[in-house]
Amino acid sequence: MINIPEKTLQDLEFSTVLQQVSELCVTPLGHARALEITPFTTKEELQVALQLVDEYLSSFHNDNRIPNHGFDTITKELKLLKIENTFLEIHSLKKIVSISLTCNEIVKFLKKFQEYYPKLHDFAFYIEVTTEIIEKVDANVDRFGDIKDDASALLYEIRQSINKLKGKINGSFTSALNTYHQLEYLDDIRESVVENKRVLAVKAMYRRKVKGAIMGSSKTGSIVYIEPEATLRHTRELNNLEFEEAEEIVRILKNLTGFIRPFLPLLEKYQEFLIAIDVIAAKAKYARSMDAILPEINENRTLFIRDAYHPLLLLNNKAKKEKTFPQTIELKQDSRIIVISGPNAGGKSITLKTVGLLQVMLQSGMLIPVHERSSVCLFDRILSDIGDNQSIENHLSTYSYRLKQMNFFLKKCNKNTLFLIDEFGTGSDPELGGALAETFLEEFYHREAFGIITTHYSNLKLLANELPFMENANMLFDEKSLEPIYKLIIGNAGSSFTFEVAQKNGIPFSLINRSKKKIERGKVRFDATIAKLQKERSKLEKTGQSLKENEKKKLAEADKLEEINAKVQKKLENYQELYDSNQRLVYLGTKVNDLAEKFFDNKQKKQLMAELFKLVQIENSKRKKVTVKQKKAKKQKETQVKQEVEKKVEVIREKKKEAKKKAIVPDKPKAILKVGDRVRMEDGRAVGTIDKMEKNKAVVNYGIFTTNVSISMLELVEAVKK
């Protein structure tokens with residue numbers, strides 16, 4: 001049975017969280033219910049509540065948004081339905097129809113999307129979907145909120161009579177108006193309306209000559225308002241009919257109320273269901289505002305919250321656009337209690353409150369702002385002693401109050417308890433208070449309770465160092481500026497930096513030195529050692545961060561080089577394709593040239609066509625069928641590569657020209673070329689061998705093809721060996 005004291009909820013400012021959640025409700029009843037949220041008493045109920053909120057939160061991130069659940073409160077109507085012979089007004093019937101429609105829509109939606117929202121579907125499964133109330137009310141009440149003419153035969157008859165009578169009233173009034181107007185008894189305005197009745201505007205001097213009932217006069221008294229006698233008779237009859245109409249409407253409303261009365265339990269369920277949905281939706285909206293999640297809930301008594309944020313601090317800093325520092329804490333069987341030490345204003349209390357508030361929120365069915373790999377367990381009790389609890393009403397000092405709290409802790413603390421104590425042992429003589437605090441801590445330890453305490457007492461730090469299932473922790477401080485870094489480090493105790501902070505705040509060094517001499521040398525050395533360790537830890541933390549940043553930079557540079565390498569590789573492939581394509585074209589050109597020379601010599605047209613056709617067939621056998629789109633893309637790519645190559649070749653040529661201009665080198669005599677010499681074309685790279693020479697031309701063999709080139713365009717690479 002889970003039982004979390006009210007004192008713990010106050011210490012952890014749980015009411016502020018509830019206030020923020022309630023503001024996200026869309027109905028007054030939901031708002032009030034949210035303020036009454038308390039931790040669940042059973043694990044089964046809690047797990048269902050958490051899953052409901054988690055499913056509702058998921059609806060914000062998919063296309064299947066849960067329908068609107070807003071409704072008008074029907075509490076007054078439900079009370080009236082419990083009283084016999086009462087009837088509901090039309091606006092009350094409209095509210096009941098509205099709440100029925102809303103419930104039906106949500107229940108049908110959850111049934112349709114059961115796969116997405118299984119727990120919400122189960123939650124709504126027991127809500128009956130019925131259209132009887134809606135159909136019955138709609139049959140009697142129109143969309144403007146009036147009882148329909150055909151709601152009953154009598155009402156229809158009465159309204160028909162009323163309409164006829166209104167016609168007679170208008171006719172008789174018009175007749176009187178025309179008559180008295182011709183006699184010039186009426187004022188220029190001729191008529192007016194008094195008490196919702198048409199009246200004649202009679203000049204005061206003629207009022208005795210006009211038969212009827214005087215309904216009033218103008219402010220000046222120059223006009224008297226008279227209802228004509230002929231109209232009066234019909235008006236009395238109309239009043240009687242309107243009275244009968246009102247009676248018939250009441251009778252119809254009583255019938256409608258009587259029809260709805262058996263549905264009272266269902267309507268109570270409807271309202272209760274929508275209030276619950278409103279609170280679930282508010283919890284989901286609150287979770288969304290701080291990126292909260294449902295962590296894993298384990299059964300092996302391990303509390304591991306990674307990157308945990310204090311909800312109130314997080315939302316407050318978000319509003320101010322300031323950074324919030326997360327904390328990571330783990331409590332398990334072999335490290336059940338953590339003793340946090342260090343100077344004030346370093347974040348010790350916030351860390352302690354973060355753990356407590358997140359645990360209370362979770363056990364109240366709310367999602368919490370932690371990393372998705374966090375894992376939590378549930379506690380039967382969460383006990384806290386946070387802040388200055390001096391009681392003026394009870395004339396108790398801070399220390400007396402805290403002793404009273406410790407007595408309560410001793411009665412309730414067991415292995416299923418999480419205790420949170422801020423500034424443990426303060427309020428009394430440091431030596432005596434520290435000794436008593438140590439004894440209490442030992443007792444909590446032996447009872448296998450889980451807990452987090454903050455302290456300045458060295459003996460508690462030593463105790464945490466000596467006991468196997470207790471750990472020291474400290475909040476990191478910058479070793480130079482002594483500014484807090486707001487990061488919890490498990491494993492080492494924290495120094496209070498008493499003398500360092502004093503020195504930073506301008507206290508003369510001589511006074512600090514005298515203070516050091518007044519206390520035990522061992523204690524100063526112990527505190528100094530802890531301070532030194534903290535400074536070293538801070539340095540290591542900074543070095544670690546620096547290494548991580550460098551590693552990120554190196555990885556980014558490596559990615560960049562990889563990208564450049566890929567681009568270069570792609571360009572090389574494109575150039576190779578272009579080169580191969582050009583080489584093939586050169587080979588084809590040479591073949592065609594040879595065929596042309598052969599035809600020039602023998603004039604054999606058939607042989608020429610046969611060899612040309614054979615050459616085309618060989619080339620076509622190498623081609624693959626491609627679509628027009630692919631062909632266009634390939635052509636575009638080739639053109640792009642050619643343009644790029646031409647640009648680069650142009651640049652290279654320009655550079656060579658400039659280099660030639662700069663270099664003053666005497667022209668070398670042109671080498672005399674012979675058959676067998678290895679040669680290349682000027683500004684070319686491919687090297688071939690001269691097969692034969694005729695006149696001023698040479699046949700150069702490049703291996704895969706031969707070509708006729710002018711001797712003047714060739715330069716010697718290697719002369720033939722004799």
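Is arginine 680 buried, partly exposed or exposed, and what is its relative accessible area? Arginine 680 is partly exposed, with a relative accessible area of 31%, where buried means under 20% relative accessible area, exposed means over 50%, and partly exposed lies in between, for a 1.4 Å probe and with protein chains only.

Before I go on, please keep in mind that this is a predicted model, in which local features need a pLDDT of at least 70, side-chain atom pairs count only at pLDDT 80 or more, and totals for chains, interfaces and linings use all residues. Residues are numbered from 1 along each chain as its sequence is written, and side-chain values use heavy atoms, with hydrogens and water left out.

Side chains of opposite charge can pair when their charged atoms come close. Here a salt bridge is a side-chain nitrogen of Lys or Arg within 4 Å of a carboxyl oxygen of Asp or Glu, and by this rule the count comes to 13. One of them joins arginine 680 to glutamate 715, with the closest N and O atoms 3.0 Å apart. Arginine 680 lies in strand S15 (residues 678-681) and glutamate 715 in strand S19 (residues 714-718), so this pair ties together parts that are 35 residues apart in sequence. The labels for helices (H or I, at least four residues) and strands (E, at least two) refer to DSSP runs, numbered from the N terminus. Glutamate 715, at 30% relative accessibility, also counts as partly exposed.

A second salt bridge is formed by glutamate 268 and lysine 82, whose closest N and O atoms are 3.3 Å apart. This pair links distant parts of the chain, since glutamate 268 sits in helix H11 (residues 264-289) and lysine 82 in the loop between helix H5 (75-81) and helix H6 (90-112), 186 residues apart. Lysine 82 is exposed, with a relative accessible area of 54%, whereas glutamate 268 is partly exposed at 32%. There is also a network of salt bridges, in which Asp149, Arg159 and Glu245 are linked.

Next, the surface patches. Patches are made of residues with over 30% relative accessible area and no salt bridge, where like charges are joined within 9 Å and nonpolar side chains (Val, Leu, Ile, Met, Phe, Trp, Tyr) within 5 Å. The accessible areas come from the Shrake-Rupley method with a 1.4 Å probe, and for residues only the protein chains shown count as cover.

Finally, Leu561, Ile564, Val568 and Leu572 make a nonpolar patch of about 380 Å², and valine 568 is found in helix H19 (residues 521-602).

I would like to end with the strands. What is the direction of strand S3 (residues 212-217) relative to strand S4 (residues 223-228), parallel or antiparallel? They run antiparallel and are joined by five bridges, and two strands are said to pair if DSSP finds at least two bridges between them. Isoleucine 214 stands opposite isoleucine 226 in S4. S3 and S4 form a hairpin with five residues between them, and glycine 221 in the turn has a positive phi of about 85 degrees.

Strand S8 (residues 337-341) is largely enclosed by the rest of the structure, because five of its five residues are buried. In a regular strand the side chains alternate between the two faces of the sheet. In S8, Ile337, Val339 and Ser341 point one way and Ile338 and Ile340 the other way. S8 pairs in the parallel sense with strand S12 (residues 450-455) over five bridges, and the bridge partner of serine 341 in S12 is threonine 455.
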